[in-house]
Each structure stands twice: as structure tokens, then as C-alpha cells.
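Take a walk through this protein, one region at a time. Keep the sequence and the model side by side as you read.

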Amino acid sequence: MKPAPFDYLAPTTIEETLDVLREYGDEAKVLAGGQSLVPMLNFRLARPAVLVDINHVAGLDGIGVEDGTLTIGATTRQRALETRLPGLLDAPAAGAWGLLPAAVGNIGHVHIRSRGTIGGSLSHADPAAELPAAASALGATLVVRSAEATREVAPEEFFEGFFTTCMAAEEMLTQIRVPAWPEGTRSSFLEVSRRRGDFAQVAVAAVVVLADGRVTRAGVALAGVAAATVQADGLVAGLVGQEPTPTLIAELAGDLAATLDPPPDVHGPAAYRRSLARHLLRRALGEAVGLPADRTVSAA
Ligand SMILES: Cc1cc2nc3c(=O)[nH]c(=O)nc-3n(C[C@H](O)[C@H](O)[C@H](O)COP(=O)(O)OP(=O)(O)OC[C@H]3O[C@@H](n4cnc5c(N)ncnc54)[C@H](O)[C@@H]3O)c2cc1C
């Protein structure tokens, strides 16, 4: 199929873009990498009157470090996190921020990652997408702007549900800010998908800080198990202050998995995804705290 007719605008500044979004509101759609939007246009699942192409907007693309915080512009390609981010990481922060290239490596195929943007993936809010889970585990801040105001939003506020965020029609995601984590932070991103490049059936992002053998801070999030990314706050509360033994990790993973009610699909019933979540949580946490793989598995 072909898209319904639309007008095409290609602003070159953030201010111009926000003015256009204010003028057209619900009638407009932002075009970033087009990897999700263009199929939706072709199937006429989206029929915007105006397409606002943000690929030529100055200042929206780029990766940097400001006062110890990692900043990623909304139109930064997913592939740039794999190719450019590792070169920018200094040793102390690398443990936490390394979660991003690990997560991105699971997105589709390299051609998709070369066009798809960070902001597009987060704004699209697919509950099985990798980047929302990584941003949640890392405690990122999402910068949302309109012509009138700038908001700094936490992931748990940003992701409201199935393909739904807290952004209003006249707003746009402009930047993602990832805080520094202490030296020695370790992370793990694991997922199961039916074929390489498919969306995750379940994915787990885990970031853990250890001091003197105990967990002092952690962030854990799951994709593919609910209508939106699940932030595992209860599990983190059970982990912090404790020695992360295989038994404790298995117990916490089991407790969290038991609370999940993922929608059944053609690949299996809810129990299948619950089981995947339990196994992946155990393995990802085991990896993040530095347990040998066989000890994590034997604690089943
Ligand atoms: C074959 C295939 C396989 C894929 N596999 C995966 C996968 O395994 N995992 C995964 O996570 N994704 C996957 N994707 C999706 C891919 O990651 C997309 O790139 C991503 O979902 C959307 O990013 P985009 O830049 O292409 O956004 P677009 O498609 O341009 O836009 C997507 C939506 O976000 C809105 N939007 C975009 N940018 C902004 C912004 N800055 N502010 C506000 N709204 C904005 C658009 O208006 C639109 O509604 C796959 C895509 C394809 C085609």
C-alpha cells in the first residue's frame, strides 16, 4: 500500500520544529529514522496531514559527556551507540553506559540500526523494545520540549503503556541524559527472541554496583512482559544492602516473575514469558554481580 497524502516539512532548527508542532498538533507526526513510522504510513495505520522530518534539525544529533552525564541527541542513530559510544567512554563510567551498546546490538539488523534513532525508539514505546528497558535500568532522564516549556522526565513517567508516552502532540523528545554510575558498576543485557534481529520475547537490562561484597545500588528493567517497560523496583529493593548470592538472586527473580501477567501471543502462553523472565533475570543479575555462569544456573 501507499501512504495517504501528507504535506512534508523539513525544519532546520529545534525552535522551528516546535513551532510547527504547536501549529499542527494532532495533525502532525515527527519523522525520525522512519523504521517504524514509514511502515505505519504505508499500512495507513498513521495518516498525519503533515510529516515533520527532524533529520535536518541542527543540535538534535550527537553523543557527548557534560559534567559526567552522558548526553545523546534524539536523532542519534542507534548504530552510533555501537560504533561511537565505546570510544567515548572513560573507564569509570563504562560499566553502566556499556549497557547501551549491548542493548542496541539486539535491535533488528544493522541496516535498521543505521537509520533508526534513539529518540524514535523511545518515542515509539514498543513494549518489547530494548532501548526503553536500558534507559529505565540506567535511570536516564528524557528531555521533552514544546514551544512553551522543557520537561525532564523519568522513564517510569515517560512510558505510559502500549506504544504510548506522556508526550503531548506538540511536544518532542530532544535528548536523553544518562547519569554517571560509580566506578566498578557492572551491567548485563540479555534477551530471547525467536530469530536474531526479531523483537525480544523477553529482555532484561541490569545495572549493579557492589562494595565490599554487597549491592549498594542497582537498576533492573524488563521488556516484552507487559504493555510497557517494567521497572523492577521491588527486586532492586530486595537486592540493595545484600550479598548477591545465587540463592538470593534466584529467589528475587522468581518472586518478580510470579507477579508478571504478560499477554499471551502466537509464540506461547503467559507462563512461557514468565519463565523466560525468571531465567533471564537470574542470568543477567548473575552476570552483573560477577557470578560464574554455572553458579547462576545451578541455583534454579
Ligand atoms: C525489520 C525491523 C526490525 C526491527 N526490530 C527491532 C527490534 O528488535 N527492537 C527494537 O527496539 N526496534 C526494532 N525495530 C524498530 C526500530 O528500532 C525503529 O527504528 C524504532 O522503533 C523507531 O525509530 P525511528 O527513528 O525509526 O523512528 P520513526 O519510525 O521515524 O518514528 C517512530 C515514532 O516515534 C515518533 N518520534 C520519532 N522521533 C521522535 C522524537 N524525537 N520526538 C517525538 N516523537 C518522535 C514518530 O512520530 C513515530 O510515531 C525494527 C524495525 C524494523 C523495520
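A residue counts as buried if 20 or more other C-beta atoms lie within 10 Å of its own. It counts as exposed if there are 12 or fewer, and as partly exposed in between. Keep in mind that this is a predicted model.

Apply that cut-off to Thr75. Is Thr75 buried or exposed? Thr75 has 23 other C-beta atoms within 10 Å, so Thr75 is buried. Thr75 sits in the loop between β5 and α3 (78-83). Who are its neighbours? Leaving aside residues up to four places away in sequence, Thr75 touches Ala32, Ile54, Asn55, Val57, Leu60, Asp61, Thr117 and Gly119. Leu99 is another matter: 24 residues along the chain from Thr75, with 19 Å between the two C-alpha atoms.

Step back to the whole chain. The protein is divided into domain 1 (7-53), domain 2 (63-178) and domain 3 (186-298). Start with the first two. Their C-alpha centres, those of domain 1 and domain 2, lie 20 Å apart. In the contact between them, 14 residues of domain 1 meet 15 residues of domain 2. On the side of domain 1 that touches domain 2, α1 supplies the largest share, 6 residues. That side of domain 1 divides into 5 nonpolar, 6 polar and 3 charged residues.

Look at α1 itself. Helix α1 spans residues 14-24, and its Thr17, Leu18, Val20 and Leu21 are buried. These residues cover an arc of only 155° around the axis, so they lie on the same side of α1. What covers them? The cover over the buried residues of α1 includes β1 (7-9), β2 (28-31), β3 (50-53), β6 (141-145) and β10 (172-178). After α1 comes Gly25, with a positive phi near 50°.

Now find the ligand. Where does the ligand lie relative to domain 1 and domain 2? Domain 1 and domain 2 both give residues to the shell around the ligand, so the ligand lies between them. The ligand is surrounded by 27 residues, and the closest are Gly33, Gly108, Gly116, Gly120 and Ala129. Two or more residues of the shell come from each of β2, α8 (118-124) and β10. Of the elements, α8 gives the most, with 5 residues. By type, the shell around the ligand holds 12 nonpolar, 12 polar and 3 charged residues.

Strand β4 (residues 63-66) pairs with strand β5 (residues 69-73) in the antiparallel sense, over 4 bridges. Within that pairing, Val65 stands opposite Leu70 in β5. The hairpin of β4 and β5 has 2 residues between the strands, and Asp67 takes a positive phi near 50°. Why is such a value worth a second look? Most residues other than glycine have a negative phi. Phe163 is another case: not a glycine, yet with a positive phi of about 50°. Phe163 lies in the loop between β8 (159-161) and β9 (164-165). With 16 other C-beta atoms within 10 Å, Phe163 is partly exposed.

How well covered is β13? Mostly: 7 of the 10 residues of β13 are buried.

β12 and β13 form a hairpin with 2 residues between them, and Asp212 in the turn has a positive phi of about 50°. Is Asp212 buried or exposed? Asp212 has 6 other C-beta atoms within 10 Å, so Asp212 is exposed. Next, strand β13 (residues 214-223) is joined to β14 by 2 bridges, again antiparallel. Leu222 has Val230 of β14 as its bridge partner, and Ala221 has Gln231. The hairpin of β13 and β14 has 6 residues between the strands, and Gly224 takes a positive phi near 85°.

Terms used
Residues are numbered from 1 along each chain as its sequence is written. This is a predicted model: local features need pLDDT of at least 70, side-chain atom pairs count only at pLDDT 80 or more; totals for chains, interfaces and linings use all residues. Two strands pair if DSSP finds at least two bridges between them. The arc is that of the directions from the helix axis to the C-beta atoms. Two residues are in contact if their C-beta atoms, placed from the backbone, lie within 7 Å. A residue is near a molecule or strand if its C-beta atom, placed from the backbone, lies within 6 Å of it. Ala, Val, Leu, Ile, Met, Phe, Trp, Tyr, Cys and Pro count as nonpolar, Asp, Glu, Lys and Arg as charged, and the others, Gly among them, as polar. Domain bounds come from an automatic or database domain assignment.
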